[in-house]
2 protein chains.
Amino acid sequence: MIAEILCIGTELLMGQTLNTNAQFISRRLSALGISQYHQSVVGDNEERLEAAKVAGQALVLRPEAEAMVRERFRRLGRTMTENNLSQAMFTPDSTVLENPWGTAPGAIVPVGEGKAVIHLPGPPRELEPMFTEHVEPWLQTRSGRVLVSRYIRIFGMGEAEVDSRLSDLMEGSNPTLSPYCATGEVMLRATASAASEAEAQELLLPLMIEVRLRLGSVIYAVEEDDGGSLEKCAVAALGARGWTCATCESLTGGLIAATLVNVSGSSSVVRGGFVTYQTDTKTLLAGVPAEVIEEHNVVSAEVAMGMAQGTRERLGVDIAVSATGLAGPGGGTPERPVGTVFVGVSTAKGTYAIPLHLTGDRLRIRTLSVKHAINALRMEALKK
Amino acid sequence: MIAEILCIGTELLMGQTLNTNAQFISRRLSALGISQYHQSVVGDNEERLEAAKVAGQALVLRPEAEAMVRERFRRLGRTMTENNLSQAMFTPDSTVLENPWGTAPGAIVPVGEGKAVIHLPGPPRELEPMFTEHVEPWLQTRSGRVLVSRYIRIFGMGEAEVDSRLSDLMEGSNPTLSPYCATGEVMLRATASAASEAEAQELLLPLMIEVRLRLGSVIYAVEEDDGGSLEKCAVAALGARGWTCATCESLTGGLIAATLVNVSGSSSVVRGGFVTYQTDTKTLLAGVPAEVIEEHNVVSAEVAMGMAQGTRERLGVDIAVSATGLAGPGGGTPERPVGTVFVGVSTAKGTYAIPLHLTGDRLRIRTLSVKHAINALRMEALKK
């Protein structure tokens with residue numbers, strides 16, 4: 001099977017929008033073993049008419065699509081004009097796909113000779129679930145192969161190191177093993193293709209065991225989809241232990257807490273915290289003695305520890321984490337260059353700080369600090 | 001002038017790489033008034049040969065390009081093979097472009113009839129400076145026009161309303177006026193094209209005045225580039241007034257504070273704040289009386305006001321904002337559906353709450369809550 005992606009939108013040609021849809025679809029097609037030779041972006045908006053032309057059929061108002069559009073407008077409390085009904089026009093033999101996040105339904109339109117044109121809405125939050133829920137199962141049925149993937153998530157080992165430990169495994173063709181990188185994290189996708197799910201899983205098993213052996217404890221999750229995240233694992237580990245947590249943030253300004261509360265189910269685990277951006281708020285809110293700050297500098301292990309311990313005590317939680325450091329671009333000194341960060345961790349068993357020497361811009365230094373703090377929560381919750 | 005972008009790379013077709021180059025080039029072309037009708041991505045690597053074919057000329061080893069490649073390998077301490085010299089092969093009349101960040105030079109290759117093929121390297125940190133430093137000046141000379149743009153940023157009016165108030169102005173061709181939407185915000189770009197910058201500015205002026213008249217105070221910034229943001233304006237307005245601020249966040253979990261501290265120069269303005277995710281932390285940290293929470297519900301104007309006022313007093317700031325609400329997906333009731341949010345605002349002059357009825361998913365409800373809170377900071381700082 002061969003696919004081609006055609007993206008339509010003047011905003012792409014003008015550069016106002018980054019084409020994340022093309023990457024999303026390409027990744028999923030690639031996982032399904034479907035090749036692409038060509039992608040295009042065009043500016044006009046005649047795609048439905050064009051597909052009708054290719055299919056040699058007229059567009060008709062499809063009642064199921066009309067119902068979807070009407071229902072959507074009703075729920076949004078917006079008035080629908082007759083013009084909006086053009087979103088419900090498709091060829092008679094096309095399969096209409098529901099769009100729970102927007103008004104425009106999608107469609108799979110047969111265009112002869114085993115070919116089809118698949119229409120998807122533009123906004124990623126509409127396109128992505130429609131693709132995953134409706135288009136992928138349809139493609140999988142037609143390709144006659146079952147693909148089974150596992151996502152191996154790694155924190156605490158760089159891409160180069162992962163590559164060098166697994167390079168021979170990455171050369172395989174079935175199962176395949178491919179690395180993807182996010183800031184500070186590496187994800188591996190292992191995929192096997194076979195006639196049945198059981199066969200595909202059997203192919204995957206020895207590879208998974210080998211990866212585990214070679215990487216060890218830096219693997220924080222092995223999952224069936226790529227929706228996993230460090231914060232999900234941390235919240236799950238804290239929840240499993242019956243622990244509550246709190247945060248005290250300087251350079252991250254609230255981002256550790258905001259990342260944790262993004263996990264659904266976090267409300268029983270995440271109690272709250274402090275944003276202690278200006279130096280004296282570390283004393284006022286978290287109770288770090290002013291002398292400790294003066295003696296050791298505000299960016300120090302001692303202050304990070306004081307922030308974590310004070311927060312744990314004041315919020316009455318099982319564990320608190322803190323972060324203090326220099327996100328840059330200004331403020332660095334030879335002794336404490338930009339990227340110097342201390343993550344503090346405090347539990348009933350004791351308090352310590354993790355010194356970090358991070359590189360990159362302000363955003364990257366913040367993001368990495370958040371991940372290290374969240375990983376510390378996870379590791380502590382898993383400790384025997 | 002019309003341009004077309006052709007991106008070459010199997011990593012784009014496989015979805016491993018996000019095509020940020022296409023967006024970068026599109027933006028710059030659009031700023032130069034150069035239109036695009038089509039963009040493509042292909043997987044092979046024969047572009048230089050193709051361009052030579054189009055130009056009807058043979059590829060030759062260009063000494064200046066060879067010197068660049070050799071010098072680059074020397075500096076990297078890598079050994080160069082004769083094969084690497086293929087990077088220095090271009091048609092005799094092409095202009096070779098230096099690549100200070102990589103080994104492969106770029107080139108502007110005339111292909112007849114006033115047309116040219118421009119070769120650029122793939123890595124963004126090589127492509128972007130090469131485009132800005134070498135390609136843009138060349139394109140500007142050839143287009144013979146100067147473009148002047150203004151970016152008008154709007155918060156507090158939906159796209160449909162902006163469209164309906166300005167639809168006649170959006171039909172103009174010089175100056176043009178085009179809307180772009182982000183979550184909860186609308187941006188308008190006004191662009192005029194003329195033989196000189198002064199003439200272009202003169203064309204823009206009446207349009208800018210008309211837009212101001214029709215939209216009024218929802219315009220929060222008019223800027224020469226599109227790097228503006230609500231948080232930048234809020235921090236600037238607070239700074240100009242000599243005010244400090246603090247936050248108290250429930251559903252946003254620290255994201256208001258984290259968004260504010262992303263603005264460089266925020267450290268003199270943003271003092272810190274509380275993350276009060278679990279109900280009783282609103283009492284413990286921000287001092288909201290437990291009876292107020294019990295009587296009015298944790299998602300209420302009274303609790304939002306209590307959070308803001310308590311935070312302002314405890315942190316000793318000029319202004320504090322708070323947010324309490326339901327981000328969903330669960331937890332909604334007929335009386336308080338998902339999307340019910342209260343933003344509290346407290347200054348020495350008084351305390352009030354802004355009730356919001358937001359729609360969308362968890363992320364959108366959080367993002368909009370953050371923007372409303374930050375806009376409230378800005379509006380208060382600007383009040384006489």
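Analyst: Let's start with a rule: a salt bridge is a side-chain nitrogen of Lys or Arg within 4 Å of a carboxyl oxygen of Asp or Glu. Some ground rules too: this is a predicted model, where local features need pLDDT of at least 70 and side-chain atom pairs pLDDT 80 or more, while totals for chains, interfaces and linings use all residues. Residues are numbered from 1 along each chain as its sequence is written, chains are lettered from A in the order written, and side-chain values use heavy atoms, leaving out hydrogens and water.

User: Why is the pair Arg271(B) and Asp280(A) called a salt bridge?

Analyst: The closest N and O atoms of Arg271(B) and Asp280(A) are 2.7 Å apart. The rule asks for an Arg nitrogen within 4 Å of an Asp oxygen, so the pair qualifies. The count over all chains comes to 26 salt bridges, and two of that kind are found between chain A and chain B.

User: What does the pair of Asp280(A) and Arg271(B) join?

Analyst: Two chains, because Asp280(A) sits in helix H10 of chain A and Arg271(B) in strand E13 (residues 270-276) of chain B. Helices (H or I, at least four residues) and strands (E, at least two) are DSSP runs, numbered from the N terminus.

User: How many residues of chain A are in contact with chain B, and what counts as contact?

Analyst: Contact means heavy atoms within 4.5 Å, and 55 residues of chain A meet that against 58 residues of chain B. Elements giving two or more residues to chain A's side include helix H9 (255-261), strand E13 (270-276) and helix H12 (301-315). That side divides into 22 nonpolar, 26 polar and seven charged residues; here Ala, Val, Leu, Ile, Met, Phe, Trp, Tyr, Cys and Pro are nonpolar, Asp, Glu, Lys and Arg charged, and the others, Gly among them, polar.

User: What is the area buried between chain A and chain B?

Analyst: About 4,400 Å², with carbon and sulfur atoms giving 54%. Buried area is the accessible area (1.4 Å probe) that two parts lose on being put together, summed over both.

User: Which domains does the assignment give for chain A?

Analyst: Domain 1 (2-143), domain 2 (146-223) and domain 3 (232-382); the bounds come from an automatic or database assignment. The C-alpha centres of domain 2 and domain 3 of chain A lie 31 Å apart. Seven residues of domain 2 of chain A are in contact with eight of domain 3. The area buried between these two domains of chain A is about 700 Å², 66% of it from carbon and sulfur atoms. Phe155(A), Thr183(A) and Tyr220(A) supply 74% of what domain 2 of chain A buries there, more than any other three residues.

User: What makes the contact of Lys371(A) and Glu185(A) a salt bridge?

Analyst: The N to O distance is 2.9 Å. That falls within the 4 Å limit for a Lys nitrogen and a Glu oxygen, so the label holds. The count between domain 2 and domain 3 of chain A is one salt bridge.

User: Why do Phe24(A) and Phe131(A) get their label as a ring pair?

Analyst: The structure holds three aromatic pairs over all chains. For Phe24(A) and Phe131(A) the ring centres are 6.0 Å apart and the planes at 80°, so the pair is edge-to-face. The rule wants centres of Phe, Tyr or Trp (six-membered) rings within 6.5 Å; planes under 30 degrees apart are stacked, over 60 edge-to-face and the rest tilted. Phe24(A) is in helix H2 (residues 20-31) and Phe131(A) in helix H5 (residues 124-143), so the pair ties together parts 107 residues apart in sequence.

User: What makes the peptide bond from Gly328(A) to Pro329(A) cis?

Analyst: Its omega is near 0°. Pro329(A) is in the loop between strand E14 (319-325) and strand E15 (340-347) of chain A. In chain B, a cis peptide bond joins Gly328(B) and Pro329(B), with omega about 0°.
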